[in-house]
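Please open the model in your viewer and keep the selection panel at hand. The stops below go from one selection to the next.

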Amino acid sequence: MKKIFYIALLALVGITMYSCEDYESYAEKREYELSRISSFINNPTLGEIKGQKINVISEDEFLKDTVTDLTRNEFVLFSDGVYMQIVRRGCGSVLKDGECATVLCRFKEYNINGDSLALLNDNPLTQQAVFEKFDVQNTSGTFNATFSTMEDQNDEYQGIMASRYGSASVPSGWRKPLSYIKLGRPASADEEIAKVRLIVPDDQGHAVANSNQVAFYYEITYERGL
């Protein structure tokens, strides 16, 4: 009986130690992710802001005028850990409460942890129109959005985000700018679509980012679809 008890005790200890190791592994990955974000802020090594130190402003400061100063390379840090820079607010109007829209995006995605380009559809060498397409609804300031896929009824288009990451859910980080940018379609040469830059931590990104505790940096344009 004692022998069985000790075997059970050893098994319990082993399970506990394994759980602790799992927790430490997650914590270590998270710590590494945050350190990579911090390093990137001090010395961006990717994209259009390469070599330009980021100046972080608080959410309270940003909400005074919802402007990020491009001359100072300002990014606002939100409470959920997302960093955002508004490059162009865009033409058209902000999505109203209760309003639905189709949004077309072109983007570059960079893996901050791996310091590399991960994915893009914003390629000037591409001979055809390539964009990410999603449907969004504003419900009291909460934006619910889903990428279009070829499985959708009456939709023959699928972008590369859903196919690459295996989910039609639009990452929370991608939805963050919708409270502040205008969605429209240029009607004249002096009108431009919205553009933002984002640093998205794993828990605000897609499923692969979340499962691997990987942060991504994005350069994204937003245009209202037909």
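Select Glu-74 and Arg-72, whose side chains form a salt bridge with the closest N and O atoms 2.6 Å apart; a salt bridge here is a side-chain nitrogen of Lys or Arg within 4 Å of a carboxyl oxygen of Asp or Glu. Glu-74 counts as buried at 9% relative accessibility, whereas Arg-72 is partly exposed at 40%, where buried means under 20% relative accessible area, exposed over 50% and partly exposed in between, with a 1.4 Å probe and protein chains only. This is a predicted model, in which local features need pLDDT of at least 70 and side-chain atom pairs count only at pLDDT 80 or more, while totals for chains, interfaces and linings use all residues. Residues are numbered from 1 along each chain as its sequence is written, and side-chain values use heavy atoms, with hydrogens and water left out.

Next, colour the protein chain by secondary structure, which comes to five helices and nine strands; helices (H or I, at least four residues) and strands (E, at least two) are DSSP runs, numbered from the N terminus. Read from the N terminus, the order of elements is α-β-α-β-β-β-β-β-β-α-α-β-α-β.

Now select strand S2 (residues 74–77) and strand S3 (residues 83–88), which run antiparallel and are joined by two bridges; two strands are taken to pair if DSSP finds at least two bridges between them. Val-76 has Met-84 in S3 as its bridge partner. S2 and S3 form a hairpin with five residues between them, and Gly-81 in the turn has a positive phi of about 95°.

Lys-195 is buried, with a relative accessible area of 13%, and Glu-48 is partly exposed, with 36%.

Move to helix H1 (residues 2–42), where Arg-30 and Glu-33 are three residues apart and thus separated by about one helical turn. Their side chains meet in a salt bridge of 3.1 Å, N to O. Arg-30 is partly exposed at 22% relative accessibility, while Glu-33 is buried at 0%. The structure holds nine salt bridges.

Finally, turn to the largest nonpolar core, which has 37 residues; those with the most contacts inside it are Phe-134, Val-136, Trp-174, Leu-198, Ile-220 and Tyr-222. A nonpolar core is a set of buried Ala, Val, Leu, Ile, Met, Phe, Trp, Tyr and Cys residues joined through side-chain atoms within 4.5 Å. Among the elements that give two or more residues to this core are S3, strand S4 (100–111), S8 and strand S9 (216–224). A second, separate core of 13 residues includes Phe-40, Ile-54, Phe-75 and Tyr-83. Centre the view on Leu-198, whose contacts (heavy atoms within 4.5 Å), leaving aside neighbours within four places in sequence, include Phe-75, Tyr-83, Met-84, Trp-174, Ile-220 and Tyr-222.
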